[in-house]
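Please look through the sequence and the model below before reading on.

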Amino acid sequence: MKSSKVHTMARVLPTLIFVMLCAPSAFAHPQKGDAVGFLTGFRHPISGLDHVLAMIAVGLWGAQLGSPAIWLLPVAFPIVMAVGGMLGLMGIPVPGTEYGIALSAILLGAAVLFELRPSLTIAALLVGFFAIFHGHAHGAELPPGQSALLYSMGFVIATGCLHAVGIGIGTVYRWGWGQKLLRVAGGLVTVGGVFFLWKAAA
Amino acid sequence: MNRKRKSHVSLYAFVAFSFAMSAVPAEAHLNSTGMGPFYDGLIHFLMNPEDIVPVVALALLAGLRGANYGRRALFVLPTAWFLGALAGLSALAANPQPFIAAAWFVLLGGLVAADAHVSLRATTVLAALLGLYHGYLNGMGMGQSLSVLVILVGLVFAIFVLIALVAAFVARLRASWARIAIRVGGSWIAASGLLMLGWTTRAR
C-alpha cells in the first residue's frame, strides 16, 4: 500500500516539476492590440445607462414615426455623433455635455411618451442636435495603447446596435397594447433622464 | 529494485523529451502564417482593418449600383492595388498618413450612406485611386525580393475575393429595408472615419 503511494509520487513529481518550469510570460502591461481596442469602444456606449436610454429612445421614436424616419434616424445619427466626437478630439468644447445627454433622454422619452409627430426635418434636427453631445462625451476617451480605428468602429457599431434594439422593441407598435407599451417605455426613459439631469446638477 | 529505477529514468526521459519537443516557435516577424508568402500576403490584408474597411465600402457602393459596377470594381481595384504596391516597393520606409486613410472612410462610407448615384466612370476612378494609394502603402517597406511578388499576389487575391463576395451579395438585394441596412453600414463606416479624423488632428 505504502510502496504504491511512493511509486505514484515518483511518477507525478517529475511531471509536476516540468509543468512548473514552463511558466508562460507574465502580462504585466495593460492589454494591447486591435481586439481590445474594438471591445473597449464597443463597451463604452453600452456601459453608460444615460447613453443607452437615449439611443433606445431614438429607435423607439423611429418605430413610432414609421418609414422613412425609422431609417433616416439610424443613418444620420452615427455620422452626427461622430462629428460631436471629432469636436471633442479636436479640443473644441461643447458646454454642458452631461446636461445635454440627460436632456436628450428626457425630450426623446417625452416624444415617445406623447407620440409626437413633428415633420421629418425637425425630428432629424432634434436627434442630430443631441447626437453631438453623445459623441462629444464618449468618442474622445480612447485608452492609451489601443487602436483608435477599432475603438471608433466598436463605439459606432455598439451605438448602432442600441438603435436596432430600440427599433426591434418598436415593432410591437402594430398592436394596440404595443402602442401603449411603447408610450410607457418612453415615460420610463423620461424618468431616467430626469434622474441623470438631477445627478448632473448635483 | 534495479528494474524499478530504470523505469523511472525512462519516465524522466520521456517527460523531458516531450517538453523539449513542444517548444514554441520564435515569432520574429509580424503576422507570419508559416504557410509561405502567398498566405502571408493574404493574412496581411485580412488582419488590417485600415485596408479592409475601404475595400468593403467600395464593394458596398458598387453593389448598391448594380452588378455592372461590381464587375468594374472587381477588376480595377485589385489591379490598381498591385500596380501601386509595385510602385511602393522602391520607397524605403512606410510612412502612412492616417489622415488620408480616414478621409477614404468618410468619402466611401458617406457615398454608401447617401446611396449616391455615382457614375460607372466615377466608380472606376475611385477604385483605381483607392487601389493605387493603399497598394503603395502596402508595398512600402516590403523590401525587394522575389517572395514579395508572391506576397502581393496573395494580398490582391484576398481583395478580389472580398469584393466579389460583398458586391455580389449587395447587388442581389432587392428589398428596400435590406438596401437601407447597407446604407446604415455605410454611415457606420463614415462615422468611424470622422472619429479617426478627430484622432489625427489631436495627435498633431
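Predicted model: local features only at pLDDT ≥ 70, side-chain atom pairs only at ≥ 80, totals over all residues.

Chain A is built with eight helices and zero strands, and from the N terminus on its elements run α-α-α-α-α-α-α-α. Of the 202 residues in chain A, 46% are buried. When contacts in chain A between residues at least 6 apart in sequence are considered, 90% of them join residues at least 24 apart.

One pair of helices in chain A can be followed in detail. The axes of helix α4 (residues 69–89) of chain A and helix α7 (residues 148–170) of chain A come within 10 Å and cross at roughly 155 degrees. Because angles over 145 degrees count as roughly antiparallel, this crossing makes α4(A) roughly antiparallel to α7(A). The crossing of these two helices, α4(A) and α7(A), is right-handed. The residues that meet there are set out by helix in the table.

| Helix | Residues in the contact |
|---|---|
| α4(A) | Ile70(A), Pro74(A), Phe77(A), Pro78(A), Met81(A), Ala82(A) |
| α7(A) | Val156(A), Thr159(A), Gly160(A), His163(A), Ile167(A) |

By class, the residues of this contact of α4(A) with α7(A) are eight nonpolar, three polar and no charged.

The contact between the chains takes 27 residues from chain A and 25 residues from chain B. On the side of chain B that touches chain A, α1 (2–21), α3 (49–65) and α8 (176–203) of chain B each supply at least two residues, and α8(B) gives the most, with 16 residues. This side of chain B has 17 nonpolar, five polar and three charged residues.

How values were computed: Residues numbered from 1 in each chain as written. Chains lettered and ligands numbered in written order. Contact = placed C-beta atoms within 7 Å. Helix = DSSP H or I, 4+ residues; strand = E, 2+ residues; numbered from the N terminus. Nonpolar A, V, L, I, M, F, W, Y, C, P; charged D, E, K, R; others polar. Axes fitted to C-alpha atoms, helices over the stretch in contact; angles between N-to-C directions. Parallel < 35°, antiparallel > 145°, perpendicular 65-115°, else oblique. Left-handed = near helix turned anticlockwise from the far one by under 90°. Buried ≥ 20, exposed ≤ 12 C-beta atoms within 10 Å, placed from the backbone.
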